[in-house]
Amino acid sequence: MKSLLFLLEKEFIQIFRDKTMLKMMVGVPIFQLVILVNAATFDLKNTNLAVMDFDMSNSSRELVSQFSNSPFFTPVLSTHSENEAYTAIEEGKADAILTIPRYFERDIAIKHTASVMVEINAINASSAGLINSYSNTIITKYNQNHLIQGKKVSMPIKTEIAYWYNPELNYKLFMLPGILVILVTIMGSFMAAINMVKEKELGTIEQLNVTPLKKSSFIISKLFPFWVIAIFELSFGLLIGFFLFNLQVKGSFFVLYSFTSIYLIAVLGIGLLIAALSDTQQQVMFVSFFFLLIFILMSGIFTSVESMTLGAQKVNMINPITYFMRVIRMVILKGSGFYEIRHELVAMTIFAIVSLAISIKAFRKTVS
């Protein structure tokens, strides 16, 4: 036990002597949460719109003004030339074209129907879908206003929409827990693997191999400091989220930190396995980023796991980041407890036991 305490003391001293590590512990959370949370968003608030109003009537100007007054559209071009409008799309100056045909107002008055056309740059399919949705909403509202003014229809059914857990539809509150998962994962697995392989390169690990230290004591001394650092990073990230983005944790901190503790054992096991199979820090970086990139993109940070193919969902069963991504959002945004996350908790416990057992077996340490 004394030898373990001395090893832990040595590891913490070594970590805090590393100025780069200290800068990363404070700088990385601030950078990721402040920059990525604002950048990694599907909110669309500045769609450049080219307008071709061939009617130039009060009705057409009213429709154009509704697009202009929307926070999602910014008119950048008003023209009667189709070539000019399409050139704006091709050059990236406009994202959509609103075309109002001639006799638009007359058709509304006489035929009670009229047509408009919205052409959208669909290179980014996600953005195109949002632009289409926003356009339909504006045009539907325009139709309802005209129907009510003309007293053509009555609407006895009033529809009220309630958005649970994120009533303001603030995408940052959805992204912030996801960024925290990435932060904790990097600190928990990647940095631990780098630290262990660094000792291989320096030769100090060979000196420890000839000591009567138990393998378990050595591994705990290497992994426990980064478990503590990762827990600190989660706490620091939650504080940043609270002060900068007004992130309120709806659930229990005990539930959140309990699951995080088990998750960190799992990813630390993965980090230990990578370190055991690598001889240089460069190898650790290549292997870690290869798996991190795949696991993060498949974890549901940007898109729903349920919308993936059945094959991808089956592969995700061995992706620990997927479980943590789901749980942290459930606890922070929904206020879920142990009962709601019981399946993820059992799966992560099994994952932690298996990954740690395999990595310990793969790690070669001579026991005297």
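**Exercise 1. Is S288 buried or exposed, and what is its relative accessible area?**

Some ground rules come before the solution. The model is predicted; local features need pLDDT of at least 70, side-chain atom pairs count only at pLDDT 80 or more, and totals for chains, interfaces and linings use all residues. Residues are numbered from 1 along each chain as its sequence is written, and side-chain values use heavy atoms, with hydrogens and water left out.

*Solution.* 
- Step 1. Know the cut-offs: buried means under 20% relative accessible area, exposed over 50%, and partly exposed in between (1.4 Å probe, protein chains only).
- Step 2. Apply them. S288 has a relative accessible area of 4%, so S288 is buried.
- Step 3. S288 sits in helix α11, residues 281-297. Helices here are DSSP runs (H or I, at least four residues), strands likewise (E, at least two), and both are numbered from the N terminus.
- Step 4. List its contacts (heavy atoms within 4.5 Å). Leaving aside neighbours within four places in sequence, S288 is in contact with F190 and I274.
- Step 5. Look at the side chain. One of its polar atoms lies 2.7 Å from the backbone oxygen of V284.

**Exercise 2. What span should α10 have?**

*Solution.* 
- Step 1. Use the rule: the expected span is 1.5 Å times one less than the number of residues.
- Step 2. Apply it. α10 has 25 residues, so it should span 36 Å.
- Step 3. Check. The end C-alpha atoms of α10 are 36 Å apart, which agrees.
- Step 4. Inspect the N-terminal end. S252 caps it, with a side-chain oxygen 3.1 Å from the backbone nitrogen of F254.

**Exercise 3. In what order do the four strands of the sheet stand?**

*Solution.* 
- Step 1. Recall that two strands pair if DSSP finds at least two bridges between them.
- Step 2. Read the order: β2-β1-β3-β4, in an open sheet with mixed pairing.
- Step 3. Explain the edges. β2 (73-78) and β4 (117-120) each have a single partner strand, so one side of each is left without a neighbour in the sheet.
- Step 4. Take one pair. β1 (residues 47-53) and β3 (residues 96-100) run parallel and are joined by five bridges. D53 stands opposite I100 in β3.
- Step 5. α4 (residues 82-90) lies across β1, β2, β3 and β4, at about 160 degrees to β3. Such angles run from 0 to 180 degrees between N-to-C directions, with axes fitted to C-alpha atoms, for helices over the stretch in contact.

**Exercise 4. Which residues touch the most other members of the largest nonpolar core?**

*Solution.* 
- Step 1. Define the core: buried Ala, Val, Leu, Ile, Met, Phe, Trp, Tyr and Cys residues joined through side-chain atoms within 4.5 Å.
- Step 2. Name the residues. In this core of 68 residues they are L180, F226, F259, Y263, I321 and I328.
- Step 3. Find the main contributor. The largest share, 18 residues, comes from α7.
- Step 4. Another core, of 16 residues, lies apart, and A96, L98, I100 and F104 are among its members.

How values were computed: A polar contact is a pair of N or O atoms within 3.5 Å; within protein, one must be able to donate a hydrogen and the other to accept it, and residues adjacent in sequence count only if both atoms are side-chain atoms.
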